[in-house]
Amino acid sequence: MTRGNQRDLARAKNAKKQAEQGKKKAANEKNGNRGLTLEERRQRDAEILRQKQQKAAEKAAGENK
């Protein structure tokens with residue numbers, strides 16, 4: 001039974017290690033940003049925020065009527 005316990009502990013330790021390595025990735029290494037420059041990411045994010053703000057404004061205007 002000891003081996004089973006050691007195996008479980010090793011799996012938990014490895015899962016924690018993998019999670020920590022995922023956090024250490026730079027922004028340009030993450031899947032959603034791969035292949036984009038800093039300026040391209042900024043433009044993409046700014047456009048997404050503009051769309052969200054426009055939707056929020058339309059929703060607020062609809063509720064005020």
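**A loop residue and its surroundings**

Analyst: Asparagine 33 has its place in the loop between α1 (2–23) and α2 (38–64), where helices (H or I, at least four residues) are DSSP runs numbered from the N terminus. This is a predicted model, in which local features need pLDDT of at least 70, side-chain atom pairs count only at pLDDT 80 or more, and totals for chains, interfaces and linings use all residues. Residues are numbered from 1 along each chain as its sequence is written, and side-chain values use heavy atoms, with hydrogens and water left out.

User: Is asparagine 33 buried or exposed?
Analyst: Asparagine 33 is buried, because its relative accessible area is 14%, and buried means under 20% relative accessible area (exposed is over 50%, partly exposed in between, with a 1.4 Å probe and protein chains only).

User: What does asparagine 33 touch?
Analyst: Not counting residues up to four places away in sequence, asparagine 33 touches Ala27, Asn28, Arg41 and Arg44, contact meaning heavy atoms within 4.5 Å.

User: Which side chain is joined to that of asparagine 33 by a polar contact?
Analyst: The side chain of arginine 44 is, at 2.7 Å. A polar contact is a pair of N or O atoms within 3.5 Å; within protein, one must be able to donate a hydrogen and the other to accept it, and residues adjacent in sequence count only if both atoms are side-chain atoms.

User: And where is arginine 41?
Analyst: Arginine 41 lies in helix α2, and it is buried, with a relative accessible area of 13%. Leaving aside neighbours within four places in sequence, arginine 41 is in contact with Ala27, Asn28, Asn33 and Leu36.

User: Changing topic, how many helices and strands does the protein have?
Analyst: The protein has two helices and zero strands. Its C-alpha trace spans about 70 × 35 × 10 Å along the principal axes.

User: How much of the protein counts as buried?
Analyst: Of its 65 residues, 3% count as buried.
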